[in-house]
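Please read them alongside the sequence and the coordinates.

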Amino acid sequence: MTVAKRIDGKAKAAELAESITRETAALLDEHGIKPGLAVVIVGEDPASQVYVRNKKRTAETCGFHSVQHTLAADTAQADVLRLIDELNNNDAIHGILVQLPLPGHLDEQAVTQAVTPSKDVDGFHFINIGKLTAGRTADAFVPCTPAGCMLMIADEIGGDLSGKNAVVIGRSNIVGKPMASLLLQANATVTVTHSRTRDLAQVVAGADIVVAAVGRPDMVKADWVKPGAIVIDVGINRVEKTVDGETKMGLTGDVDYDDVCTVAGAVTPVPGGVGPMTISMLMANTLRSARLAAGLEA
Ligand code: NAD
């Protein structure tokens, strides 16, 4: 028996992209500025290639100047840093995204910190992380995935989460930690859990809002979830799925969707939930960067 509402991230992301497209056209019309997004990908990780293709396609749909730099897997660190320096100094580029993970010989931290904070549309630079942690989100680029999750939560229960318990599963720099900062800033009472947490199911059971960002297929079950809770599934896991007797590779989240839907109030599906929102938030950050570079309000 399904009781939960399916949160349609795909539709919400499309709505957001439409409004970004309109604002982009107005920016070009009124100020002659086209937001520019540069995506840097090193190597041939198939999942990364799909993500980069989707980002480029959405950037073009929004009317952005969109550039992709595809570097060989054995590119030297100095050459990656040289490219980032060029992009930092290119006035046609307002957002620089380095697709992660990088090949093992590259220093991921050195590369992400080389992106100038004003073009760091992924929100990975320490300056932007610091601003987010200090509650200065109006000044910061907020990482796209947690920013998208917050919009979906706000749509369900509003932007003020006073009195709500939120549990974040996962403590990565990309999702878990910034997600916790945003929830805290929205006045939620936040618990961050991770691989060393004891009695995870029991902790999750106290949550009005659950955000799962782990990378373990179907981990969160119905009997972990408080009736009526909002469950946001960030996980993207490639698994074998059998549909009509045919077995294929497909995507599944960290939440056992059908099971959790019997208890929760609202759940994001995978695919079609957080993923598309992440891409639209990247476009929103790039548009914002272009406006700020032109001295306009964000
Ligand atoms: P990560 O590997 O950096 O972090 C995973 C976190 O899960 C860690 O903090 C770890 O402590 C925690 N964890 C591992 N096993 C656990 C367990 N048994 N119980 C509780 N916690 C456990 O991953 P990440 O980059 O944060 O990504 C998490 C998932 O989200 C992945 O599936 C990734 O593909 C997906 N993701 C999706 C998007 C999107 O746009 N939808 C964006 C980023 C990441």
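1. A polar backbone atom of Ser-195 is 3.1 Å from an oxygen atom of the ligand, and Ser-172 places a polar side-chain atom 2.5 Å from a ligand oxygen. The protein buries 71% of the 860 Å² that the ligand exposes when taken alone, with accessible areas from the Shrake-Rupley method and a 1.4 Å probe (for residues, only the protein chains shown count as cover).

2. Basis of the model. This is a predicted model, in which local features need pLDDT of at least 70 and side-chain atom pairs count only at pLDDT 80 or more, while totals for chains, interfaces and linings use all residues. Residues are numbered from 1 along each chain as its sequence is written, and side-chain values use heavy atoms, with hydrogens and water left out.

3. The shell around the ligand. The ligand is surrounded by 20 residues, of which Arg-171, Ser-172, Val-234, Ile-236 and Thr-278 are the closest; a residue is near a molecule if one of its heavy atoms lies within 4 Å of it. By class, the shell has 8 nonpolar, 10 polar and 2 charged residues, with Ala, Val, Leu, Ile, Met, Phe, Trp, Tyr, Cys and Pro counted as nonpolar, Asp, Glu, Lys and Arg as charged, and the others, Gly among them, as polar. Helix 10 (residues 274–293) gives the most to this shell, with 3 residues.

4. Overall form. The chain comes to 10 helices and 11 strands, taken as DSSP runs numbered from the N terminus (helices are H or I with at least four residues, strands E with at least two). The radius of gyration is 19 Å, close to the 19 Å that the globule rule gives for 298 residues, so the chain is as compact as a globular protein of that length; the radius is taken over C-alpha atoms, and the rule is 2.2 Å times the number of residues to the power 0.38. An automatic or database assignment divides the chain into domain 1 (31–116) and domain 2 (144–276), whose C-alpha centres lie 28 Å apart.

5. An open sheet of 6 strands has the order 1-11-8-7-5-6, with parallel pairing, where two strands pair if DSSP finds at least two bridges between them. Strand 1 (5–6) and strand 6 (189–193) stand at the edges with a single partner strand each, so one side of each is left without a neighbour in the sheet. Strand 5 (residues 165–169) is joined to strand 6 by 5 bridges, and Val-167 has Thr-191 as its bridge partner in strand 6.

6. The hairpin. Strand 9 (residues 237–243) and strand 10 (residues 246–252) run antiparallel and are joined by 7 bridges, with Met-249 of strand 10 as the bridge partner of Glu-240. The hairpin has 2 residues between the strands, and Asp-244 takes a positive phi near 50 degrees.

7. Backbone geometry to check. The peptide bond from Leu-100 to Pro-101 is cis, with omega near 0 degrees, and Pro-101 sits in the loop between strand 4 (95–98) and helix 4 (108–114). A cis peptide bond also joins Val-270 and Pro-271, the latter in the loop between strand 11 (266–267) and helix 10.

Notes: Polar contact = N/O pair within 3.5 Å; in protein donor to acceptor, adjacent residues only side chain to side chain.
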